[in-house]
Amino acid sequence: MAAIFGPGANLAAKLGLVGAAALTLAGLGWWWGSPRTDYKRNDNWFVDQTVPFSHAHHVGGLGLDCRFCHIQIENAATGSMPPTHVCMTCHSQIWTNAKLLEPVRDSLANNTPLVWNRVTNVPDYVYFNHSIHIAKGVGCSECHGPVDRMDLTYKAKDMEMTFCIDCHVNPGPRLRPADQIYNTEWHRTANTPSPQALMEQYHIPSRDLLNCSVCHR
Amino acid sequence: MSGQWRCIEQLERDPAFLDRAAREFPMLAEALASERAGTPGRRQVLRLFGAALAMGGLAACTSGKPSGVLIPAVRIPPGLVPGQPDHYATAHVHAGYALGTVVTHQMDRPIKVEGNPNHPSSLGATDPFAQAEVLSFYDPAREAQVMNRGQPSDRQHLLTAVADARAHMAADKGAGFRLLTGTVTSPTLAAQIDRLLQTWPAARWHQWEPFSRDNALKGAQIAYGSAIDVVPHLDAADVILGIDSDLIEGVPGWVRFARDLTSRRNPTRTPHMSRIYAIEPAPTLLGSIADHRFVAGPAALHETVMAITAAILHGGSTASAPPWVQPLVDDLKAAHGRAFIHAGPDQPAELHALIHAMNEALGGRGSTYDLIAPVAHRAEAQSDSLAALVADTQAGRVTTLLIIDSNPVFTAPGFAEALQCVPRSVAITGEADETAQACTWSAPMTHAWESWADARGHDGTATILQPQALPLYGGIAPAEAVALFTDPFPSPVLALVQATWKPSFGGDFASAWRSALAAGVVSNTASAKSDAKLRPEAARATPATPPSGMRISFRPDPSLSDGRYASNPWLQELPRPFTKLVWDNPLLIPPALADRLKLRNGDLVELSVNGRRMTMPVWMQPGQAADTLVAWCGNGRRVAGLHAGFDLYPLTGQNATATVNKAHGTYRLASTIHHNLLFPDISDVVKHATLQTFQTRPNFAKEVERPEIYHRHPPGPAQWAMSVDLNSCIGCNACVIACQAENNIPTVGKEQVEMEREMQWLRIDRYYEGTPEQPTTFFQPMLCMHCEKAPCELVCPVGATVHDSEGLNVMVYNRCIGTRFCSNNCPYKVRRFNFYDYGGDQQRPAVSWNPDVTVRGRGVMEKCTYCLQRIAAARITADRENRHVGPQEVRTACQAACPTQAFTFGDQSNPDSDVVKRKQSPLDYELLEDQHTHPRTTYEALVRNPNPKIAETRA
């Protein structure tokens, strides 16, 4: 009776073991790495909207201030979407017949709200408050990126917990003077006050920003 | 056994009970067994584990793609800031009387009720019913459809039927028309009713509240010749005697009375502590905080009260009465001008007349109480009124009956049969209740938050109720319903309300109207003091001697009132103050009867009242007179009402003697009284002493000085802490519901409560001391103590419960993996675990939740956060303005709701904060101090002020 294992069996067994190990490693790598890809996190992937609103046109081109549409952002916890009425402030005068804007006109005419697809989302147990970040010198583009260059809006930062924590550990470098908050192209220059000076100016930290209770309730 | 006990099993040291108490999750084994089909072997458990892992893996595979949509308004209301709450004043109207409230809105939807500090009945506090109104408002089961003889119809057809009724009324001047409502204090509704009665002079208006105050009304008629309301000023009373009194639990204005009463109960804050006596057949909240509580069945109570009356009014002797009567009478007389006596609605009219006479004799009028003209419109004896209606109906004299916001088919035995004789009956009700189903027409009534209205408080102060939201289901407002029967095209309700107030608002109507709406009260509308003279008949009134034998006392369910709140799950699952029962209303029996019939809690008995029989379970109530049974009405609704409990209304209506016989079988009752026991052998959880002891040893509650070295000093800018004054707590449960509403706490249902899985973060423990026959009662609110050295934090394997720099013990839901070690290690037993997805299972629309608080998922531990969302809102506002959070800026939900200001919360590092002052009180003590947990929540020990001349077991 011939031997069960031929001369190639050793090699096959070794290859099999190495292959299994490689597969396991690759699987683990995929398991660990895939949620961290831009694709999975939806970073830098624009989101389709009913009305293809372009920040590049309105902010970058026309120079509208963020607060023109995102009203009350200095007092509000949530960065609300503008009511249809705000869109129609201008679009009752210009581009009144544009096909693109038909959903907006319909919304006002029928008193039915526009529905926008979410671009950024944080989990329900995170209570992000826009007003306090603006009051403490965190500019819009720190989290939302170069909105003035976005044709369709996309998520520019991953908004994972580490992203929040990095800044809560050391807010200074991410602060800017109060008059530059809404400047989405702002960059630190030689004339910018030092991070320490800005921290002092904004009275930061007034409390331990790493406490769980700062963001979670 | 001396010391404090919660239930009779504990007092008797029942081995089964002790075994249960020693375990953290005593029902777990049983629960697992019942939840699994068959008995799973090891293999099945492993399979389940495998499935759980696989599902966990799948759950981890969700893409980072943001789901969901954002829906902005077409037009945003002016002044609305997304995420910032708005507040609008209104009132909670209960049995006609208004309790001023302020409703908190998030993005224009009501989510929370607070008291209105401007309103004299509220002073900023509420009762549990007002707190629970937000859930009732969003109840998907509210009536939404006009019905005609059980078939869906519409408003047009109803209006046609009303027009037909009007034609008939024009022919016979309204002789066949009857209107039935509850008590009416609303000036607008009253004006409409008066107009109806003027237009159709032969029409009649009847009033019916199942637990009316007829006896008090008739007593006033004997004493003063006309109906009159008493407005007590309990902050001015040194000696208070309650005779089976509902002074701080049911009488209109009780929220205010509780505040006034407890303002004289803490000897560190009042120079002269008041003294409270209670004589009662069954426990009341007033009796529970009284310095002397005398248990007396109806016969003994009658004898005693007659002896007191004789001594006060006629200088008679008390020789034949119990020995404590003479010192009581002396005390009352010595407090001339500072004494007040109150009797409950169960006591006969003649007794109420005698009490008017005694109060006048004791000189309290003008100081401890005032008399005002009745707040209710055309106050009348309601049981007589309903009897007249039933008689007219049975005689066929009624062709059209309009019932507004009343449920007599459920609450009045015999009414349903009488209703059959009415050819056209119209019910305008908030929910599709028994009456709505029995009437030929029924239509939804607008909720008090959906329409304009007005109502008056206990002292006559009027509130204009403004709508808080557009009607969710459409509906007819009460004033509109009445107006429809005089006028085919009545003015809108707003115009009706404005017409009421136009004459009194004078020249600048618009600004007077706006300020009345903003303040939540119409200024200067409190009733003027009456100058009625006491008639000599008052002192001569002689209440009939109650017959001997077992007496049954029908009372409104403490959590459901007369049944009008039976559809509200928060209130169904609200542990009743003494028994801590939920979702049920067994017959409450005295311990002596239980001994005699060998009954245990939950045993079935056959109850027979005047020949009508009913089989129902019993519950032993310590402190109940041996010849008294207590039956709570309101549960057992046939339609609506969540199908819980027993309907006891069929037994009511007569001054009844009852017999109880043991029946076969038992019934499962859910009570939380034995849940969350602190160490079972601790005997002085509630520290207390007499005023005399306090005066000699003010620090009696502090056993040892703690070594300061172990203290933790978190570095945060504020240090949150709470003080709970046990001298103030009356056990009313307003805080429990306030917490539930504020913190998105789900209800779990009766079966889950039986397994000790109730979710309320704040509970009120009730302890007894002494014998079951005559115990002393203590209430102790229990919530997370926010220990500086928290045992829960040490055992959490994932750091889901940690301390923050402001001294809060925070619970991080997204870290929690559900080991429940923390709950096991918590000596105060204040942690709650989501065994199921309770939050997701709630039958309430998403818009009704508080958006600032996470709705916890399955498998997550939760507990009191000191209303972290309120702290966070305050610190964000303060940080934006670069200042510290103010000393009184954060108020927790329980603190805001508490009628007696038992809770004080604030920053203990700020010397201006109230909590610092409270914690400096010599009465301040830490619960389970020997555990060295250094809790941030401390208690002020209870001091009672017994009469030294009355020898009693009470310590």
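This is a predicted model: local features need pLDDT of at least 70, side-chain atom pairs count only at pLDDT 80 or more; totals for chains, interfaces and linings use all residues.
In chain A, helix α5, spanning residues 84-91, and helix α6, spanning residues 102-110, have axes that come within 10 Å of each other and cross at roughly 115 degrees. The crossing of α5(A) past α6(A) is left-handed. On the side of α5(A), the contact is formed by A:Thr84, A:His85, A:Cys87 and A:Met88, while α6(A) contributes A:Val104, A:Arg105, A:Ser107 and A:Leu108. Classified by residue type, this contact between α5(A) and α6(A) comprises four nonpolar residues, three polar residues and one charged residue.

Elsewhere in chain A, A:Gln49 is situated in the loop that links α2 (38-41) to α3 (55-61). Because its relative accessibility is 19%, and the buried class covers values under 20%, A:Gln49 is counted as buried. Once neighbours within four places in sequence are set aside, A:Gln49 is in contact with A:Trp116, A:Asn117 and A:Val119. With A:Asn117 the arrangement involves the backbone, as a polar atom of the A:Gln49 side chain lies 2.8 Å from the backbone nitrogen of A:Asn117.

In chain B, the buried residues of helix α8 (residues 214-224) are B:Asp214, B:Leu217, B:Gly219, B:Ala220, B:Ala223 and B:Tyr224. Just after α8(B), the backbone at B:Gly225 adopts a positive phi of about 85 degrees.

Strand β6 of chain B, which covers residues 147-148, contains B:Asn148. Its relative accessibility of 25% is not under the 20% limit for burial and not over 50%, and B:Asn148 is therefore counted as partly exposed. Apart from neighbours within four places in sequence, the residues in contact with B:Asn148 are B:Ser153, B:Thr440 and B:Trp441. B:Ser527, by comparison, is 379 residues away from B:Asn148 along the chain, and the C-alpha atoms of the two residues are separated by 42 Å.

In the present model, the largest nonpolar core has 162 residues, of which B:Leu587, B:Leu607, B:Leu629, B:Phe903 and B:Leu927 touch the most other members. Another core, lying apart from the largest one, has 32 residues, including B:Leu158, B:Ile193, B:Ile404 and B:Ala481.

Technical notes: Residues are numbered from 1 along each chain as its sequence is written. Chains are lettered from A and ligands numbered from 1 in the order in which they are written. Side-chain values use heavy atoms; hydrogens and water are left out. Axes are lines fitted to C-alpha atoms, for helices over the stretch in contact, and angles run from 0 to 180 degrees between N-to-C directions. Helices (H or I, at least four residues) and strands (E, at least two) are DSSP runs, numbered from the N terminus. A crossing is left-handed if the near helix is turned anticlockwise from the far one by less than a right angle, and right-handed if clockwise. Contact means heavy atoms within 4.5 Å. Ala, Val, Leu, Ile, Met, Phe, Trp, Tyr, Cys and Pro count as nonpolar, Asp, Glu, Lys and Arg as charged, and the others, Gly among them, as polar. Buried means under 20% relative accessible area, exposed over 50%, partly exposed in between (1.4 Å probe, protein chains only). A polar contact is a pair of N or O atoms within 3.5 Å; within protein, one must be able to donate a hydrogen and the other to accept it, and residues adjacent in sequence count only if both atoms are side-chain atoms. A nonpolar core is a set of buried Ala, Val, Leu, Ile, Met, Phe, Trp, Tyr and Cys residues joined through side-chain atoms within 4.5 Å.
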